[in-house]
Amino acid sequence: MHCDLLISDKGPEIYLNDQRLLVPDLVIPRIGSSVTEYGTAVVHHFEQMKIPVLNSSRGILDSRDKYKCLQILSKNGIPVPASYYSYDLNYAHKIVNSKLGYPFILKVLEGTQGKGVYLVHDEIEAEKLFNHFYRKSIRILLQEFISEFSGKDIRVIVVGNKIVASMMRVAEEGNFRANIHQGGKGENITLSEKEKDIAIRSCQILGLKFAGVDILRSVNGPMVLEVNSSPGLEGIETTTKVSIGTEVFNEALKMIE
Ligand SMILES: Nc1ncnc2c1ncn2[C@@H]1O[C@H](COP(=O)(O)OP(=O)(O)O)[C@@H](O)[C@H]1O
Ligand SMILES: [Mg+2]
């Protein structure tokens with residue numbers, strides 16, 4: 001966030017504290033969800049400077065918007081939960097009545113750490129949440145609730161074309177969200193071949209060489225919930241004892257070998 005971008009007749013340049021930044025060999029983007037726009041503008045600038053970037057600005061943007069991410073994955077044959085997105089508040093109500101029923105999941109499109117994810121139990125709750133988000137023009141999606149795996153999810157870390165770590169997250173008592181930031185606890189897990197395949201392919205489809213894929217085990221098989229282009233590492237490194245940082249660094253070095 002301290003990088004200042006400049007385009008002039010000399011081409012793209014980056015300044016840091018008023019000083020021209022030396023041209024780096026490679027860039028490993030770590031873009032917080034609150035600064036997606038500026039962060040990806042910086043990554044894009046590095047791309048224009050022809051510097052190898054581990055996760056492209058396009059891949060970061062495509063995965064950051066939860067609905068866009070599901071659109072791209074689904075089109076490429078990755079199983080995802082049925083998910084709806086509508087501009088009009090009245091349609092949101094109609095979709096709940098005709099397609100989803102209660103309870104259903106409501107998600108802020110750019111939420112993270114479980115903060116923008118709600119389990120909606122009845123019409124009163126739906127009305128309150130719809131009014132709140134539509135009034136504030138905060139974009140939301142509606143999704144089928146995978147009840148058979150409630151309170152759990154699987155986090156898979158993909159680096160390059162391989163899985164370097166995975167864990168099951170188990171939510172705190174009374175919470176349906178398994179995020180570590182919501183009090184979820186990591187446990188070691190063995191992935192099925194299908195889970196491995198969809199995790200790796202999701203990252204390839206989005207053009208991400210380093211990402212965390214969230215998967216739910218539904219009665220119809222594994223489904224991808226989202227792909228995080230700057231996944232948190234502390235929880236999964238503690239659970240699995242894998243140094244993910246080392247894996248990422250080694251993968252990044254391949255870009256300049
Ligand atoms: N459709 C769903 N059915 C059941 N649980 C869900 C569903 N969607 C999300 N969850 C739970 O909520 C958590 C957060 O959802 P996620 O889409 O990964 O958003 P975030 O970006 O906030 O992590 C998931 O890890 C999972 O435990
Ligand atoms: Mg998640």
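Asn 17 is found in the loop between strand 2 and strand 3. Its phi is near 50°, a positive value in a residue other than glycine. The model is predicted. The domain assignment of the chain gives domain 1 (3–62), domain 2 (83–143) and domain 3 (148–254). Ligand 1 lies between domain 2 and domain 3, because both give residues to the shell around it.

- Strands in the order 1-2-3 form an open sheet, and the pairing is antiparallel.
- Strand 1 (3–8) and strand 3 (19–20) are the edges. Each has a single partner strand, so one side of each is left without a neighbour in the sheet.
- Strand 2 (residues 11–16) is joined to strand 3 by two bridges, and these strands run antiparallel.
- Tyr 15 has Arg 20 of strand 3 as its bridge partner.
- Helix 1 (residues 36–48) packs on this sheet and touches strand 1 and strand 2. The direction of helix 1 makes about 45° with that of strand 1.

**Helix 1 against helix 2**

- The axes of helix 1 and helix 2 (residues 57–64) come within 9 Å. They cross at roughly 155°.
- That angle is over 145 degrees, so helix 1 is roughly antiparallel to helix 2.
- Helix 1 brings Thr 36, Thr 40, Val 43, His 44 and Glu 47 to the contact. Helix 2 meets them with Ser 57, Ile 60, Leu 61 and Arg 64.
- By class, the residues of this contact are three nonpolar, four polar and two charged.

- Five strands make an open sheet in the order 10-9-8-11-12. Their pairing is antiparallel.
- Strand 10 (185–188) and strand 12 are the edge strands, and each pairs on one side only.
- From one strand to the next, the twist averages 35°.
- Helix 6 (residues 193–206) packs on the sheet. Its contacts are with strand 8 (152–159), strand 9, strand 11 and strand 12.
- The direction of helix 6 makes about 35° with that of strand 12.
- Strand 9 (residues 162–170) pairs with strand 10 over four bridges, in the antiparallel sense.
- Opposite Met 167 stands Asn 188 in strand 10.

**Ligand 1 and its shell**

- The shell around ligand 1 holds 23 residues. The closest are Ile 105, Ile 146, Asp 153, Arg 177 and Ala 178.
- Strand 5 (104–108), strand 11 (210–218) and strand 12 (221–228) are the elements that give two or more residues to this shell.
- Sorted by class, the shell has nine nonpolar, eight polar and six charged residues.

**Domain 2 against domain 3**

- The C-alpha centres of domain 2 and domain 3 lie 25 Å apart.
- In the contact between them, four residues of domain 2 meet five residues of domain 3.
- On the side of domain 2 that touches domain 3, two residues are nonpolar, two are polar and none is charged.

**A cis peptide bond**

- The peptide bond from Tyr 102 to Pro 103 is cis. Its omega is near -5°.
- Pro 103 lies in the loop between helix 4 (89–100) and strand 5. Strand 5 is also one of the elements that give two or more residues to the shell around ligand 1.

Key:
Residues are numbered from 1 along each chain as its sequence is written. Chains are lettered from A and ligands numbered from 1 in the order in which they are written. This is a predicted model: local features need pLDDT of at least 70, side-chain atom pairs count only at pLDDT 80 or more; totals for chains, interfaces and linings use all residues. A residue is near a molecule or strand if its C-beta atom, placed from the backbone, lies within 6 Å of it. Ala, Val, Leu, Ile, Met, Phe, Trp, Tyr, Cys and Pro count as nonpolar, Asp, Glu, Lys and Arg as charged, and the others, Gly among them, as polar. Domain bounds come from an automatic or database domain assignment. Two strands pair if DSSP finds at least two bridges between them. Axes are lines fitted to C-alpha atoms, for helices over the stretch in contact, and angles run from 0 to 180 degrees between N-to-C directions. Two residues are in contact if their C-beta atoms, placed from the backbone, lie within 7 Å. Angles under 35 degrees count as roughly parallel, over 145 as roughly antiparallel, 65 to 115 as roughly perpendicular and the rest as oblique.
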